[in-house]
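Please examine the sequence and the three-dimensional structure shown below. A short report on selected features accompanies them.

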Amino acid sequence: MPVIEKLNIVVTGGAGFIGSHLCDRLVQKGHAVTCLDNLDTGRFDNVRPLLNHPNFRFVEADVRDPLSIDGPVDRIYNLACPASPPHYQRDPIGTVKTCVLGALHVLELARATGARVLQASTSEVYGDPEIHPQPESYRGAVNTTGPRACYDEGKRCAEALFFDYRRLYGVPVKVARIFNTYGPRMLENDGRVISNFVVQALRNRPITLYGDGSQTRSFCYVADLLDGLELLMESDDAITGPINLGNPREVTVEEIARMVLRQTGSRSPITYRPLPEDDPRRRRPEIAAAARALGWAPRVALEDGLKSTIDDFAMRVATPVSPASNSAEPPAGLTAAARPARKRRAALSAVGSSA
Ligand SMILES: NC(=O)c1ccc[n+]([C@@H]2O[C@H](COP(=O)([O-])OP(=O)(O)OC[C@H]3O[C@@H](n4cnc5c(N)ncnc54)[C@H](O)[C@@H]3O)[C@@H](O)[C@H]2O)c1
């Protein structure tokens, strides 16, 4: 994808798993990137290597507050939101606010600046689906009162806001429905299938399978997902989505566990636990629309993506965490400059480089 011009790009949630890889890639391509994050589930270490780059700045801010950014904004990727069930269920009302107020505030920022804005939506909008694979036209089967509803319904409402801002104000919007994504920098404690299994295997602890392990998932490697997000963002204005981005290869959870055991050479036994409430039985994207509209398809085989994910976890699981080198928080100097943003008003003081 050739860079036509240097763009001013805001990535909310840019210190998280997907967001930090996106920041890396956009900076490498020569864009000026503002990473905006409240460091709820993100890690400052994920973006620390970018701090000295002249095209990068970090802003500690919360998307639940109104946003304003110094200087022009051409693109906004809205990724800010805890993504794994234990994290988004920890503060469910906060999650609804992040989804809904966050969408409202990035849309207002887009409206004020003329930026194009992409929403990181989710396959969770399909709930526990009755049809397989799930095309974008499927309306979903979400339990509106269950423990996952704060995230699922929050993301659905965000999609509604995106399309209302397009209809009412002509804001150029893009909505990507992201399916399970994995890769280096996933958190150890996020309760997702791959990170759970890899950490358990590396520690030779029992691998916990929920249910009988026959429920399926499909896993997209993070580099493939970034290709899709960028292609969607830079596509013609008429292409709004929602567009599914994910890997259609469907594997059972038990198969994943065995693959991880093989690749790590672990001696961990497999143990079985009851299925959590509202856990989807099957999940697989229909990606014909992404292929048609964007010419996109995932390329990284699960076996290869697992290898780099395991290598990354192996370093972290083996290396003891030292507060100075591996903190999730910005260093003191940066924190002091950024702290006002934690107050419930976003006068967004930039820290990091002087981009
Ligand atoms: N990883 C997946 O498999 C997956 C699947 C579907 C959708 N998504 C979506 O992609 C996005 C990124 O997911 P991820 O896996 O990188 O998750 P993540 O938890 O690693 O990253 C989310 C980032 O958002 C930040 N954040 C959370 N609430 C915020 C707030 N109120 N204000 C500012 N920043 C806030 C966190 O600190 C973190 O850095 C999320 O919106 C998620 O819903 C991810």
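The report that follows treats a helix pair, some backbone details and the surroundings of the ligand.

## Basis of the report

This is a predicted model, in which local features need pLDDT of at least 70, side-chain atom pairs count only at pLDDT 80 or more, and totals for chains, interfaces and linings use all residues. Residues are numbered from 1 along each chain as its sequence is written.

Helices (H or I, at least four residues) and strands (E, at least two) are DSSP runs, numbered from the N terminus.

## Helices H4 and H5

Helix H4 (residues 92-113) packs against helix H5 (residues 149-169) at an angle of about 15°, and their axes are 8 Å apart. Axes are lines fitted to C-alpha atoms, for helices over the stretch in contact, and angles run from 0 to 180 degrees between N-to-C directions. H4 and H5 are therefore roughly parallel to each other, a term for angles under 35 degrees.

On the H4 side, the residues in contact include Pro92, Val96, Ala103 and Arg111; on the H5 side they include Cys150, Gly154, Lys155 and Tyr169. Two residues are in contact if their C-beta atoms, placed from the backbone, lie within 7 Å. By class, the contact has 15 nonpolar, two polar and two charged residues. Here Ala, Val, Leu, Ile, Met, Phe, Trp, Tyr, Cys and Pro count as nonpolar, Asp, Glu, Lys and Arg as charged, and the others, Gly among them, as polar.

## Cis peptide bonds

His132 and Pro133 are joined by a cis peptide bond with omega of about -15°. Pro133 belongs to the loop between strand E5 (116-122) and H5.

Another cis peptide bond runs from Gly241 to Pro242, with omega near 0°. Pro242 is located in the loop between helix H7 (222-233) and strand E11 (243-245).

## Positive phi angles

Arg185, a residue other than glycine, has a positive phi near 85°. Its loop lies between strand E7 (181-182) and helix H6 (193-202). Arg185 counts as buried because it has 21 C-beta neighbours inside 10 Å.

Asn204 also has a positive phi, near 55°, and sits in the loop between H6 and strand E8 (207-210). Asn204 counts as exposed, because it has 11 C-beta neighbours inside 10 Å. A residue is buried if 20 or more other C-beta atoms lie within 10 Å of its own, exposed if 12 or fewer, and partly exposed in between; C-beta atoms are placed from the backbone.

## The ligand shell

Of the 28 residues around the ligand, Gly13, Gly16, Thr41, Gly42 and Ala83 come nearest. By class, this shell has twelve nonpolar, twelve polar and four charged residues. Helix H1 (17-28), H4 and E5 each supply at least two of its residues, and the largest share, three residues, comes from H1. A residue is near a molecule if its C-beta atom, placed from the backbone, lies within 6 Å of it.

Technical notes. Parallel < 35°, antiparallel > 145°, perpendicular 65-115°, else oblique.
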